[in-house]
Amino acid sequence: MKSKRIRDVVDGRSTVLIENGTVNKKALQKERLTIDEFLEQLRKKDVFRVADVEFAVMEQSGDISVMLKKEYQPLTADILGYHVSSEEEPITIIMDGHILSDVLKTAEQDEEWVRKELRKLNLTLDEVYIGQIDSKGELSVQTGAESLPKPANSSPKHQITELVKRLQDDLMMRKELASNDKDRLKYQEALDQFRTVMHAYQNKQN
């Protein structure tokens, strides 16, 4: 446990298969990985193009860890500059039609509140299989046949607005991550064209 040199002998060492976007052929041969096997391992990580990978490492366990290039990494709230509050574990307050009174107290609610929330869902307590309070203080239930409340169906107009915003954010992110001024200019041109088209679409809808 204390000696890394002995650990390397006993457990083996990790092997870098892709570094700075370049596949190490000798490393693949050392690990006796054929190209087909390597590509299969990447596909298991939802990676279908080798050119999208910045680093790939074969761990001592035989698993391959993959880090995508920045421009191919999934969008996150942090990348887009959004603040997202931390999520807490839901508290289960109903099991098989019975309220767990002790747990309900820790959620700082009472049985009257539970019954009021169930009335909003047109349910009685004995119809509830599982009931949980989330970090927002909202009750969601499972009846064993369906989940309630059901998510609201967004209108096509709302869905289009959300999609447009995501596309805009994606283009802006790619512009920020571009490695040179020429690429940044290309993304800016795409953004300008996109905004022009959407402005014309919105005027047409109005």
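Colleague: Which residue forms a salt bridge with E117, and how far apart are the closest N and O atoms?

Modeller: In this predicted model, a salt bridge requires a nitrogen of Lys or Arg within 4 Å of a carboxyl oxygen of Asp or Glu. E117 meets this rule with K120, and their closest N and O atoms are 3.1 Å apart.

Colleague: Where do E117 and K120 lie?

Modeller: The two residues are three positions apart, about one turn of the helix, and the element that holds both is helix α5 (residues 111–120).

The partners can also be compared by their accessibility. Buried means under 20% relative accessible area, and exposed means over 50%. K120, at 56%, therefore counts as exposed, whereas E117, at 17%, counts as buried.

Colleague: Is D169 buried or exposed?

Modeller: D169 joins K165 in a salt bridge at 3.2 Å, N to O. Because the two are four residues apart in helix α6 (residues 156–177), about one helical turn separates them. K165 is partly exposed at 39% relative accessibility. D169 has a relative accessible area of 13%, so its class is buried.

Colleague: How many salt bridges does the rule give?

Modeller: Side chains of opposite charge can pair when their charged atoms come close. The pairs include E117 with K120 and D169 with K165. By the rule, the count of salt bridges is eight.

Terms used: Residues are numbered from 1 along each chain as its sequence is written. This is a predicted model: local features need pLDDT of at least 70, side-chain atom pairs count only at pLDDT 80 or more; totals for chains, interfaces and linings use all residues. Side-chain values use heavy atoms; hydrogens and water are left out. A salt bridge is a side-chain nitrogen of Lys or Arg within 4 Å of a carboxyl oxygen of Asp or Glu. Buried means under 20% relative accessible area, exposed over 50%, partly exposed in between (1.4 Å probe, protein chains only).
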